[in-house]
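Dear colleague,

I am passing on the structure we spoke about, together with some notes on how its parts are arranged.

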Amino acid sequence: MRTLVLNCGSSSLKWRLFDQAEKVAGGLVERVTDHGSALHEVLSAVDLTGLDAVGHRMVHGGLRFSRPTLIDDEVIAAVAELIPLAPLHNPPNIAGVREARRMLPEVPQVAVFDTAFHRTIPPMNAHYAIDSAVAAEHGIIRYGFHGTSHAYVSRQTAKLLGREPAEVNVITLHLGNGASACAVKGGRSFATSMGLSPLEGLVMGTRSGNIDPAIIFHLHRVAGMPVEAIDDLLNKRSGLLGLCGDSDMREVLRRDDEQAKLALAMYCERIKSYVGAYTAMLGGVDAVAFTAGVGENSAAVRAASLSNLEFMGIAVDETRNAKGEAIISPDGARVAVCVVPTDEELEIATQTEALLSSNGR
């Protein structure tokens, strides 16, 4: 099957063309302001002869979409209703879908949702301890994100261990500018660090991750900051950027000043806290897997995030870690520590093709 995968980010457009699960072409357009026009240029320049399907990354599927879905007008309308939950991502996702459908009206198009993998999270891990009627009325629940990455990496980790996904418990750590942890129990998401939005959880490039909610009230009531300014602060001027002035982990690691050291320590300690919590929640783990830009490339972050966890059977071999080997834990370790490159576009292509094949297309 020949499948085009489109990932319309908030200010970028990434595309990959697969033939029988092998990448044959791809590209990235940055600083995009009009996703429809940008996609039109891309599709006009790419040879799409024999195209069988288009798979679209959709960030937020709410509670309605728990699996890949064939796109029609009703699906687009439903995703548009979720824009308040993903105001930066769902609009460009929709713009990409509309332009692709206009230019390729005869080609089946499939939405693959970032949130879908996390719909298996049990209620005790999905709900917030607020008034249940208020939560239900306003759709307040842990949706989780980076689902395609966590799904792909957890399966690849099981493969690396020579086992079936259903046989293993894995903690996947997707560490990029956005970052999230996921407890994967027997191939299914059991808990994840991002919540109603991608703001919750780990310290990120510009996002705060977990904070005391009273900080928001304090900034509004005492500091006089409007809600919009607090939103901007927590999403765009916090995390590594807020702590030391650099959102890029490579720059943070190059520096030797106290602010950068503090930012790195907080980043890694937050990861460690989730590894510990998820190990307990899962009743033990078979592997911890690092992925995405920071996870795949920073030996220093991997080592610091798992330091002093030998009592849990989690350890990092210094030499293997420095080389970035696939398995960086010592021989005989109770828990395998792995470095697994993610491939969200391949996961989207795979899910798209599986859906269409099951529908007889």
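Which residues in α1 meet which residues in α3? Before the answer, please keep in mind that this is a predicted model. On the α1 side the residues are H35, G36, L39, H40, L43 and S44, and they meet P92, A95, G96, E99, A100, R102 and M103 in α3. Divided by class, the residues of this contact are 6 nonpolar, 5 polar and 2 charged. The crossing in which α1 passes α3 is right-handed.

Helix α3 (residues 90–103) also packs with helix α2 (residues 73–81), here at an angle of about 165° and with the axes 10 Å apart. Because angles over 145 degrees count as roughly antiparallel, that makes α2 roughly antiparallel to α3. The crossing of α2 and α3 is left-handed, and the contact is made by D73, I76, V79 and A80 of α2 together with N90, I94, V97, R98 and R101 of α3. By class, this contact of α2 with α3 has 5 nonpolar, 1 polar and 3 charged residues.

Turning to the strands, there is an open sheet of 6 strands in the order β3-β2-β1-β4-β6-β5, in which the pairing is mixed. At its edges stand β3 (22–30) and β5 (69–70), each of which has a single partner strand, so one side of each is left without a neighbour in the sheet. Within this sheet, strand β4 (residues 53–58) and strand β6 (residues 109–113) run parallel and are joined by 5 bridges; to take one example, G55 has V110 in β6 as its bridge partner. Helix α1 (residues 35–45) packs on the sheet, where it touches β1 (2–8), β2 (12–19) and β3, and the direction of α1 makes about 35° with that of β2.

Is Q109 buried or exposed? Its relative accessible area is 4%, and as buried means under 20%, Q109 is buried. Leaving aside residues up to four places away in sequence, Q109 touches V54, H56, T69, L70, I71, V97, A100, R101 and L104. With H56, which is 53 residues away along the chain, the separation between the C-alpha atoms is 7.4 Å.

There is also an open sheet of 5 strands, in the order β9-β8-β7-β10-β11 and again with mixed pairing. Here β9 (188–192) and β11 (336–339) stand at the edges with a single partner strand each, so one side of each is left without a neighbour in the sheet. From one strand to the next, the twist averages 25°. Strand β7 (residues 169–175) and strand β10 (residues 287–291) pair in the parallel sense over 5 bridges, and I171 has V288 in β10 as its bridge partner. Helix α11 (residues 258–282) packs on this sheet, touching β7, β8 (179–185), β9 and β10, and the direction of α11 makes about 160° with that of β7.

Technical notes. Residues are numbered from 1 along each chain as its sequence is written. This is a predicted model: local features need pLDDT of at least 70, side-chain atom pairs count only at pLDDT 80 or more; totals for chains, interfaces and linings use all residues. Side-chain values use heavy atoms; hydrogens and water are left out. Axes are lines fitted to C-alpha atoms, for helices over the stretch in contact, and angles run from 0 to 180 degrees between N-to-C directions. Helices (H or I, at least four residues) and strands (E, at least two) are DSSP runs, numbered from the N terminus. Angles under 35 degrees count as roughly parallel, over 145 as roughly antiparallel, 65 to 115 as roughly perpendicular and the rest as oblique. A crossing is left-handed if the near helix is turned anticlockwise from the far one by less than a right angle, and right-handed if clockwise. Contact means heavy atoms within 4.5 Å. Ala, Val, Leu, Ile, Met, Phe, Trp, Tyr, Cys and Pro count as nonpolar, Asp, Glu, Lys and Arg as charged, and the others, Gly among them, as polar. Two strands pair if DSSP finds at least two bridges between them. Buried means under 20% relative accessible area, exposed over 50%, partly exposed in between (1.4 Å probe, protein chains only).
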